[in-house]
Amino acid sequence: METRSSEFKENATRALHDAELQRALENVPRGFIQRRLAARDRLPEFEALRDEARAIKDHTLAHLDLYLERYEAKVRASGGHVHFAADGAEAKRIVIEIARRLGARSVTKGKSMVGEEIELNEALSAAGIQPVETDLGEYIIQLRGEHPSHIIAPAVHLTRDQVEADFRAAHAHLPRERNLDEAAKLVHEARLVLREKFIGADLGITGANFLVAETGTSIIVTNEGNGDLTQILPKAHLVLTTIDKLVPTLEDVATLLRLLARSATGQDMSCYTTFSTGPRRPDDPDGPEEYHVILLDNGRSAILGTPFQPMLRCIRCGACLNHCPVYQAVGGHAYGWVYQGPMGAVLTPSLIGLDKAGQLPNASTFCGRCEEVCPMKIPLPGMMRHWREREFERHLQPAAARYGLKLWAFLAERPALYRLATRLGNRALRLWSRGRPRMSMVPLAGGWTRFRDFPTPEGATFMDQWQGRRSNG
Amino acid sequence: MLGRKPRVGLFVTCLVDLLRPSIGFAAVRLLEKAGCVVEVPQSQTCCGQPAFNSGDRRDTAALARQTIAAFEEVDYLVAPSGSCAGMIRKHYPTLFPEGSDDRFRAEALAQRSYELVSFLVDVMGVGDLDADYPRVVTYHDSCSGLRELEIRSQPRQLLAKVKGLKVTEMKDAEVCCGFGGTFCVKYPEISNDMVRKKIANVTASGAEVLLAGDLGCLMNMAGKLSREGSRIEVRHVAEVLAGETGGPPIGGGDPG
Amino acid sequence: MADRDHRSVLFSRIRQGLGVSGDEPARRRAVDERVSRHSRNLVPRRGQLERSARIALFRTMAEGVHATVAEAEGPAEIPALIAAYLRQQNLPSRVRHGDDPLLSELPWREGAPAVERRSGRAEPADEVSVSRAAAGVAESGTLILLSGPDNPTTLNFLPETHIAVIKGDDIVASYEDVFDRIRSAYGTGRMPRTLNMITGPSRTADIEQRLELGAHGPKRLHIIIVNSSPEPQPTGGHP
């Protein structure tokens, strides 16, 4: 997916003025936040589980090579195939090779952010293979030619009206007078349309929420059941996933599962949590005949051993997005790539480069809500600050900001000079105010006064007044 | 215990120093009434947050060393700001390598540093306040104070002791107001969207007065309120607790 | 071979990032131990109740996620319960089920003479399926279904209505209890092809965050708990 992260500011401006988007975004705090809170309050062990989850992932990452070996062996022992891909190009090559060998013309897909990362659908289409997104949100945005705006709710930026319009345009074979005025009717229509695709697919591709080393199992978590129909109906099931999804044992995955749905949608468990191990067994009446796992790196290994390693704990719940006031203001597309919100701000520079994605970790007040709700206790604001440090070292920030800051630091490190400067600044502001208690325009502070007033200083600085009081006894 | 009155170094903060010294004087009054001797170390300037949040670790460390040195002799450092106190308590030690002398001194200062209201309640155990303010107020929880220092109940506890004062909670009191230091000028439109939502909540709460513990947040919200023509007054919580509400609110209320 | 190259590049990058060779005995030991011990982490107390309270909790949780629940004292009642449910829901009297002995040995002719039965994997035209859940988890009202000739996985997803029969004895406290049973049945480190954890009927909130049932999987999930009391009740009264 082409990246537009370097246009974040422009994207954000557009988003803020998009009335329909703003209306849709109101659903984010209303729904997700309350539900997560209720689910958390219903489980007394929630906080303790967060600590355990962090420990499980940290241990796994520290031994990732060994757990990968273990996992690989187990998949093969169960009759599955394991493929390694260092980058997206190799992953796509493998998918297309498998699809061609199967003579696949139509492929159903469960929701996969990794697929978005490597632009899999474009590659399939170019190879004459039709990819069909089956997650309802993904299906809708596929119709619109858009990318997901939220890692678990891809179409959260759309209103019901927009979806109705898209369905009418795309499902032209259905009667025009049909009533689609409720979400339920749209869901029903999608069910009918996609049911045919499920049945006709030659290959089913899913991602994986987790990979269990102990048993060679891949796990997907859905509410719709689309990931299941994707994997059990076609001849082959292909899991496209990344190396950071490894978890040691079934017990370890239970802990993470307890946190995932609660943090994402406020459910105790998603509707369908499916553990897949290898192809169908000799006496299984259904299931895929072939099972392939593509283990993709695509930049994760480069994060190991760096201050950004905690980001690999992420289980893609989306809680940080839901609680971020910046995400709530501008939505996901502003971030310009696959991952949004705080986790997008930390992960994207690692995967596409700081020069392209530098704006993202800057668009934060460090309010800390993301870290507060992250089930894996990822120190998101701290890592955004690390990125700012890297930018500073590489002189990537705008010159004006850099010089302004340098001047400030220069003065602040020299108290006597600082007193003088603040005394002068204080007087200048008071003069500029011409006796008014606040100013609607202040030179050099246009970013502020464009939207709000600036208060006039009360009087002389505190330090001058304090000195004055002290010398008067 | 010390066996004598605690010596508190007031960390005034750059915003209070430049724009609203009455907050500093209110803080002094509160601390003295609580039984402290207050000093204002002269070599303090800025806690270093602007540099820190811009990725300039070197200047941040220089400012940290300066602050540490300035406050070496006092028993406590107290700041009328959750973000400055948070910077000193939580982040100063991380600026220096483990085991280094700087780190040791930073940790020593961090342990003795507090936000004002938290200091009054958690350390000095302040009981009664000699203040009355018969107004309906709402309180905004500034992010650093809330999430880095867990300040939430203390201001409300003290406000409950102000005669005639009624606290009405706004919706989403703990959601960021959009100030974020340099954020509000780097991303003014997003910041504006956040402050707009915040003051809608302030207004909907029915309060006549908005209080908080950080002047950055207060300036941001006051500036937006007045730009929108609101009559809601904005003050630092210290002013109300110290009974020093004679002067104009932030942004002055009506001009002339 | 290209694939081997990618594999070795990947492993060497990981080991480089971690600063290890991969041969360190302590690391290997740590991994071996964790996997072979597969110790339980913190298990919430919620489901850890005695039998009847556990079953009651399972029921409450399942109903909370829009499944419907009926209770049968013994397997003999199941066909009649199914027939009644189909009538109530205005569904055709046709079901598909697997070869699970619990289901195929039921007194269908006596209890549900009008119900047509087919066995095997689900076909797209099937409207109602009946499967036997291997276990249920009281903690969240979750059904555990395992692939195999007895209970083809397609039964759980293709038809619009899914009826799941579960024995009271198979309702356990937590997912960890299920894993213990899996290891006993399949051997340590082994799994059936598919293990489905199903918690309520299919749903989506992808349109304006409004919850709608019946996205792609079944719209209706009906659970029949068998022998929900440890001893048969004289007059069949249930709370």
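Domain bounds here come from an automatic or database domain assignment. On that basis chain C splits into domain 1, residues 1-37, and domain 2, residues 46-226. The C-alpha centres of these two domains of chain C sit 41 Å apart. The whole thing is a predicted model, where local features need pLDDT of at least 70, side-chain atom pairs count only at pLDDT 80 or more, and totals for chains, interfaces and linings use all residues. Residues are numbered from 1 along each chain as its sequence is written, chains are lettered from A in the order in which they are written, and side-chain values use heavy atoms, with hydrogens and water left out.

As for who touches whom, two pairs of chains are in contact (heavy atoms within 4.5 Å). Of these, the pair of chains A and C has the most contacts. Chains B and C share no contact, and their closest C-alpha atoms are 21 Å apart.

Turning to chain A, its C-alpha trace spans about 95 × 60 × 45 Å along the principal axes. Its secondary structure amounts to 24 helices and twelve strands, taken as DSSP runs (H or I, at least four residues, for helices; E, at least two, for strands). Of the 473 residues in chain A, 66% are buried, that is, under 20% relative accessible area with a 1.4 Å probe, protein chains only. Looking at chain A contacts between residues at least 6 apart in sequence, 72% link residues at least 24 apart.

On charge, chain A carries 61 positive side chains (Lys and Arg) and 58 negative ones (Asp and Glu), with His and the chain ends not counted. The centres of the two sets are 8 Å apart, each charge being placed at NZ of Lys, CZ of Arg, CG of Asp or CD of Glu.

Key: Buried < 20%, exposed > 50% of the residue type's maximum accessible area, 1.4 Å probe, protein only.
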